[in-house]
Amino acid sequence: FAVLKRTAGGSEPSSWSGTLSATVKPVITQVNAYRGCDTAANQFIAEDTSQSGSGNSVTTGSVTNTDSRSWRISAFASSGDYYTSWSSSEVSERSDDSAEYRIDWFSYRTATLSMSDSNGPVGTGSHSRTGTLARSYYAAASWIGIIKALPSAPAPGANETERNDTTVGSS
């Protein structure tokens with residue numbers, strides 16, 4: 001389970017790529033974009049993870065928000081036997097996907113990943129969220145982060161439009 005971030009600049013290329021240096025290959029990936037975030041050096045006020053060996057729910061670690069203009073983001077991931085989906089105590093689900101992968105010549109597993117957020121600023125203080133899978137899992141992990149907002153909203157770009165592309169393999 002890895003959380004990668006990329007901070008956009010004033011001029012963006014038509015595409016970009018990233019590298020995950022790990023001994024395992026990712027089974028499923030998701031990309032979510034947020035605007036109005038502080039610079040890369042200050043982007044996350046706090047973040048934390050948690051893991052669970054088996055069951056059907058996992059609670060994130062606890063983080064403390066010190067800026068009432070900031071958003072909360074949560075991610076929940078699991079490995080199990082069947083395609084399934086997550087629900088969580090977060091406000092708005094942005095993505096929830098499953099992908100099948102082979103563990104040996106005869107057996108398959110399914111990885112399920114969901115990302116959700118507060119859909120707006122959250123109050124200061126301690127925050128954690130719980131994700132519940134529709135079926136039992138063999139292992140699960142969660143991540144929670146507080147994204148620090150810019151001191152003031154940025155000006156919109158000349159050709160800025162909303163985009164939601166749920167095509168498999170889209171970025």
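**Close-up 1. The salt bridge between Lys148 and Asp38 in the predicted model.** The side chains of Lys148 and Asp38 meet in a salt bridge, with an N to O distance of 3.8 Å. Lys148 belongs to the segment after strand 10 (139-147) and Asp38 to the segment before strand 1 (44-52), so this pair ties together parts that are 110 residues apart in sequence. Asp38 is buried, its relative accessible area being 9%, whereas Lys148 is partly exposed at 27% relative accessibility.

**Close-up 2. The salt bridge between Asp117 and Arg94.** The closest N and O atoms of Asp117 and Arg94 are 2.7 Å apart. Asp117 lies in strand 7 (residues 108-117) and Arg94 in strand 6 (residues 92-102); the pair therefore ties together parts that are 23 residues apart in sequence. Asp117 has 0% relative accessibility and counts as buried. Arg94 is partly exposed, with a relative accessible area of 38%.

**Close-up 3. The salt bridge between Asp67 and Arg69.** Between Asp67 and Arg69, the closest N and O atoms are 2.8 Å apart. Asp67 is buried at 10% relative accessibility.

**Close-up 4. The salt-bridge network of Arg72, Glu90 and Arg129.** Salt bridges link Arg72, Glu90 and Arg129 in a network. In total, the structure holds 6 salt bridges, among them the pairs Lys148 and Asp38, Asp117 and Arg94, and Asp67 and Arg69.

How values were computed: Residues numbered from 1 in each chain as written. Predicted model: local features only at pLDDT ≥ 70, side-chain atom pairs only at ≥ 80, totals over all residues. Heavy atoms only, no water. Salt bridge = Lys/Arg side-chain N within 4 Å of Asp/Glu carboxyl O. Helix = DSSP H or I, 4+ residues; strand = E, 2+ residues; numbered from the N terminus. Buried < 20%, exposed > 50% of the residue type's maximum accessible area, 1.4 Å probe, protein only.
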